[in-house]
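Here is a briefing on one protein chain. Keep the structure open while reading the points below.

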Amino acid sequence: MTAQVDYLVVVFTATSGASGDLLGSDEKELVQLVWQLVDVKNKKLGKVNELLIKPDLSDLTEEKEEEDVVEESVEQENGSGADCVYKAPSVDKALNMFHLQLTNEVNSAGAGTSVCLCTDGQLHIRQVIHPEAASKNILVPDCFYSFFDLRKEFKKHFPAPDLKALNVHTMAESLSIPVDVPTMWDPSATPDPSVPLPAEVATQQLQVMSSVVLALLSEPFCHTFSNPERVSEKFESGTCSKMEKVCDNTVIRARGLPWQSSDQDIARFFRGLNIAKGGVALCLNAQGRRNGEALVRFVSEEHRELALQRHKHHMGNRYIEVYKATGDDFLKIAGGTSHEVAMFLSREDQIIVRMRGLPFTATHEQVLAFFSPEDELKETCPVSGGKDGILFVRYPDGRPTGDAFVLFACEEHAQCALRKHKEILGKRYIELFKSTAAEVQQVLNRYSSTPLISVAPAPLMPVLPTVSLLPPPGGVRDCLRLRGLPYTASIEDILTFLGEFTQDIRPHGVHMVLNQQGRPSGDCFIQMTSAERALQASQRLHKHVMSSQRGANSRYVEVFPCSAEEMGLVLMGGSLSHTHTHTHTRSRSGTGLSPPPCLSPPSYSFTPAPPVLPPEAAAALYPPIGQVVLAPRPLPPGHAYYPASAQLYMNYAAYYPSPPGSPNTLGFFPSPSSIASPGGLVRMPGLTYNSNGVKELINAVQGYQYAPEDAFMHAHGPVHTHDPTRTLLTQPKEWVCI
């Protein structure tokens with residue numbers, strides 16, 4: 001709308017809560033709506049109309065009800081009050097009555113048909129009418145989707161540094177408009193804008209606003225009301241490139257969202273404010289599930305500031321926290337670079353559904369058949385675009401992740417698809433969720449992007465790479481590793497499998513290895529009483545079949561002898577790879593030790609980087625590596641160093657039911673040879689300063705053999721100068737736990 005409108009409707013609203021600059025910030029309901037028609041061509045004013053609106057009685061507090069009882073007698077004396085309020089229409093009926101009366105008045109005037117609202121600021125439309133209508137699922141008449149901001153129109157003739165400093169009173173003074181009403185309410189003189197607005201003030205405000213409009217229309221200003229403010233009727237989904245520039249002053253972070261909320265639900269929460277296309281990005285946690293947060297990008301800083309006023313407003317029964325965020329935060333979540341994703345999301349007006357838990361062998365045909373089965377008894381929801389409407393998520397090496405995104409042409413088909421939640425495809429049940437374009441980008445970025453740190457930072461000491469991460473040769477191989485166990489196998493099944501060798505197992509010597517999800521990995525370590533019995537068990541039981549009492553499946557199990565050091569290293573998240581480069585030349589073939597199942601792709605290995613310090617300078621600053629005992633000299637904070645030739649493995653392992661045998665190395669540094677055997681040492685870093693001492697330590701290791709007099713707090717020794725809460729606990733037992 002660029003031409004001058006025929007009529008302006010000056011509108012003023014009041015809620016049961018705050019007024020002025022805080023109008024609508026306390027989520028109070030609309031209770032009063034007044035308006036007046038202005039004939040732009042003839043510069044005439046119509047009659048003043050007023051509607052009292054009945055609030056939702058379920059939201060009234062006991063305190064408010066008591067106030068109403070006290071005030072009822074006063075209102076009855078004046079012939080108005082409680083009766084008028086309770087006979088007043090609800091907000092949905094009031095908005096329809098406003099639209100109907102306005103249409104009739106315009107038709108009776110006969111001077112034109114184009115009508116647009118005019119308000120004092122943005123709050124009346126954006127923060128009062130639209131949010132309440134959205135929370136109550138009320139359809140708002142079309143006339144409330146465009147309006148003129150009187151402050152912005154006034155600023156075109158009287159430049160002002162801040163729109164918030166303007167109000168009806170200051171505009172009337174600048175235009176030399178006399179205020180006939182002696183009780184005129186001046187917002188600038190009100191000390192507390194959180195105080196509800198008196199009922200008679202709304203009419204007074206409206207009359208002054210109409211006078212300001214007539215003054216702007218008249219000479220010498222002859223103002224033209226064109227290009228009104230727009231309120232977005234619908235949120236538009238879209239894609240965002242990582243190369244796109246996003247202003248920091250247009251992004252907020254919403255926290256506390258229901259986990260099942262979609263981008264449309266978030267847009268409904270911010271109804272009245274204009275969100276940029278594709279400007280809602282749902283955040284995911286490390287497991288790829290929604291964490292209750294979202295980043296929202298608005299079209300301007302003005303709308304972002306209005307969004308911040310909705311801090312702790314409610315979405316259903318939950319209140320939502322709203323904070324400032326940056327453009328970089330938004331791009332990290334919503335930005336993408338994949339051409340395949342851009343083509344997938346280029347289709348407009350499509351509903352996205354996320355599939356999770358797919359079999360790794362799932363194909364496009366199986367997904368299409370899942371949503372459109374041949375069985376006539378089941379619902380059919382066709383996928384938009386056929387195979388082109390399905391996007392499988394894959395790792396960088398092409399392996400499937402079990403996730404996929406599917407497009408549907410309309411909301412009806414999408415809801416039909418969501419009703420198939422947890423139905424079976426192949427031998428697995430499939431989880432279905434309504435998704436967004438930003439979530440597609442985020443999931444694809446997580447699985448398909450290159451590492452965040454492509455090159456490892458330079459080492460501080462050039463001597464560190466020469467230290468092997470593997471245990472030293474010559475260890476006693478008095479342990480067994482069982483590989484390929486049934487996933488349902490229990491400790492009882494393992495003891496049955498070992499047969500006569502069960503009597504040679506040390507107390508608490510069975511260690512089940514779990515993966516990152518806490519499920520059995522198929523591996524197990526067993527501590528034997530001697531290396532001879534471990535060797536005999538491996539020779540007799542290697543590739544024998546193990547059965548599980550909890551499942552019908554049986555598998556042959558590989559049995560290898562290994563040392564306690566090798567067992568401890570694997571249980572602590574490391575690996576003994578046959579291809580790993582190390583300084584020890586002893587052959588490890590036959591150990592059966594291999595990288596853990598949860599590992600990074602081979603492309604994630606780091607390239608060598610030159611050392612920061614030359615060997616001579618490092619030798620002057622740091623002692624030889626052999627002189628470092630338990631607590632090495634702390635290095636300055638910074639990035640951790642990873643050897644250039646080693647892959648990065650996730651610390652996935654857990655053990656059951658007792659601690660494993662620990663390796664003889666602590667990180668990069670060898671432990672002192674002075675520790676007596678068979679005694680052991682426990683090092684417990686990170687204890688709280690307010691701990692109760694030995695009593696808590698004894699409770700922590702309850703169930704293991706130790707001498708209470710051997711527990712001591714070492715708070716100010718030379719080893720623990722930099723950390724007073726480091727604790728040493730000696731244990732006269734065969735195992736060492738770190």
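M512 stands opposite C524 in β22. That pair belongs to a predicted model. The chain holds 19 helices and 29 strands. Of its 738 residues, 46% count as buried. Among contacts between residues at least 6 apart in sequence, 74% join residues at least 24 apart.

- Strand β21 covers residues 505–514 and pairs with β22 over 5 bridges, in the antiparallel sense.
- β21 and β22 make a hairpin, with 5 residues between them. In the turn, G518 has a positive phi of about 80°.
- Strand β20 (residues 479–483) is also joined to β22 by 5 bridges, and the two run antiparallel.
- R483 has D523 as its bridge partner in β22.
- β22 itself spans residues 520–528 and is mostly covered, with 8 of its 9 residues buried.

**The five-stranded sheet**

- An open sheet of 5 strands runs in the order β21-β22-β20-β24-β23, with antiparallel pairing.
- β21 and β23 (544–547) are the edge strands, and each pairs on one side only.
- On average, neighbouring strands of this sheet are turned by 30° against each other, direction ignored.
- Helix α15 (residues 491–498) packs on the sheet and touches β20, β21, β22, β23 and β24. The direction of α15 makes about 120° with that of β21.
- Helix α16 (residues 531–541) lies across β20, β22, β23 and β24. It runs at about 150° to β24.
- In a regular strand, side chains alternate between the two faces of the sheet.

- How many residues of helix α17 (residues 564–571) are buried? The count is 8 of 8, so the helix is largely enclosed by the rest of the structure.
- The buried residues of α17 are A564, E565, E566, M567, G568, L569, V570 and L571.
- The cover over the buried residues of α17 includes β20, β21, β22 and β24 (554–562).
- In helix α10 (residues 327–334), the buried residues are G327, F330, L331, I333 and A334.
- Down the axis of α10, these buried residues fall within an arc of 165°, so they line one face of the helix.
- D328 and K332 are exposed on the other side of α10.
- An α-helix has 3.6 residues a turn, so residues three or four places apart point the same way.

**Nonpolar cores**

- The largest nonpolar core has 50 residues, of which F98, F144 and F270 touch the most other members.
- Helix α3 (residues 91–109) gives the largest share of this core, 6 residues.
- Leaving aside neighbours within four places in sequence, F98 is in contact with V9, V11, L33, W35, L51, L117, C143 and F144.
- Another core, of 30 residues, lies apart from this one; its members include V10, V40, A160 and L216.
- In soluble globular proteins, nonpolar side chains tend to be buried together.

- I430 sits in the loop between β18 (428–429) and β19 (431–435).
- Is I430 buried or exposed? Its relative accessibility is 0%, so I430 counts as buried.
- I430 and R356 are 74 residues apart in sequence, yet their C-alpha atoms are 5.9 Å apart in space.
- Beyond neighbours within four places in sequence, the contacts of I430 are M355, R356, G357, L358, P359, F370, K420, H421, K422, E423 and L425.
- E153 lies in helix α5 (residues 150–155).
- The cut-off for buried is under 20% relative accessible area. E153 has 5%, so E153 is buried.
- With neighbours within four places in sequence left aside, E153 is in contact with F148, H223, T224, F225 and S226.

How values were computed
Residues are numbered from 1 along each chain as its sequence is written. This is a predicted model: local features need pLDDT of at least 70, side-chain atom pairs count only at pLDDT 80 or more; totals for chains, interfaces and linings use all residues. Side-chain values use heavy atoms; hydrogens and water are left out. Buried means under 20% relative accessible area, exposed over 50%, partly exposed in between (1.4 Å probe, protein chains only). Helices (H or I, at least four residues) and strands (E, at least two) are DSSP runs, numbered from the N terminus. Two strands pair if DSSP finds at least two bridges between them. The arc is that of the directions from the helix axis to the C-beta atoms. Contact means heavy atoms within 4.5 Å. A nonpolar core is a set of buried Ala, Val, Leu, Ile, Met, Phe, Trp, Tyr and Cys residues joined through side-chain atoms within 4.5 Å. Axes are lines fitted to C-alpha atoms, for helices over the stretch in contact, and angles run from 0 to 180 degrees between N-to-C directions.
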